[in-house]
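Let's take a walk through this model together, with the structure open beside the text.

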Amino acid sequence: MVLKIRLARFGKRNAPFYNIVVAQARTARNSKPLEVLGTYDPIPKPPPSGDGKPIKDIKLDTSRAKYWLGVGAQPSEPAWRLLSMV
């Protein structure tokens, strides 16, 4: 069973929202995953203080991500970029 860490898209048109999930490699993008590791909101939000750069929200359970990587799950290219940021 080949596992992938990848992004599953949710949200509306022109307002994407992604779940970072672990799923079997042969399943569809939005099929039921084995586990949801976190979320990613690519739409920049203004910072809480009001000044500075807008931020993109990434929430990730790093301990579970390390576990799945240790078990042999292969991250997709976009998921790999998000994992390297955290």
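Find lysine 53 in the loop that runs between strand S3 and strand S4 (55-60). Remember as you look that this is a predicted model. Is lysine 53 buried or exposed? Its relative accessible area is 70%, and because the cut-off for exposed is over 50%, lysine 53 counts as exposed. Now look along the chain to glutamate 77, which is 24 residues away from lysine 53. The C-alpha atoms of these two residues are separated by 25 Å.

Which charged side chains do come together? In general, side chains of opposite charge can pair when their charged atoms come close. With a limit of 4 Å between a side-chain nitrogen of Lys or Arg and a carboxyl oxygen of Asp or Glu, the model holds 3 salt bridges.

Start with arginine 64, whose side chain meets that of glutamate 35 in a salt bridge, at 3.0 Å from N to O. This pair ties together distant parts of the chain, since arginine 64 sits in helix H1 (residues 62-71) and glutamate 35 in strand S3, 29 residues apart. Arginine 64 is partly exposed, at 28% relative accessibility.

Next comes the salt bridge between aspartate 41 and lysine 45, where the closest N and O atoms are 2.9 Å apart.

The side chains of aspartate 57 and lysine 59 form another salt bridge, with 3.8 Å from N to O. Here aspartate 57 is partly exposed, at 33% relative accessibility, while lysine 59 is exposed, with a relative accessible area of 52%.

Now turn to the strands, and to S2 (residues 15-24) in particular. How many of the 10 residues of S2 are buried? The count is 7, so this strand is mostly covered, given that buried means under 20% relative accessible area. On one hand, S2 pairs with strand S1 (residues 3-12) in the antiparallel sense, over 10 bridges. In this pairing, arginine 9 stands opposite tyrosine 18 of S2. S1 and S2 make up a hairpin with 2 residues between them, and asparagine 14 in the turn has a positive phi of about 65°.

On the other hand, S2 also pairs with strand S3 (residues 35-45), again in the antiparallel sense, over 5 bridges. There you can find isoleucine 20 opposite glycine 38 in S3.

Notes
Residues are numbered from 1 along each chain as its sequence is written. This is a predicted model: local features need pLDDT of at least 70, side-chain atom pairs count only at pLDDT 80 or more; totals for chains, interfaces and linings use all residues. Side-chain values use heavy atoms; hydrogens and water are left out. Buried means under 20% relative accessible area, exposed over 50%, partly exposed in between (1.4 Å probe, protein chains only). Helices (H or I, at least four residues) and strands (E, at least two) are DSSP runs, numbered from the N terminus. Two strands pair if DSSP finds at least two bridges between them.
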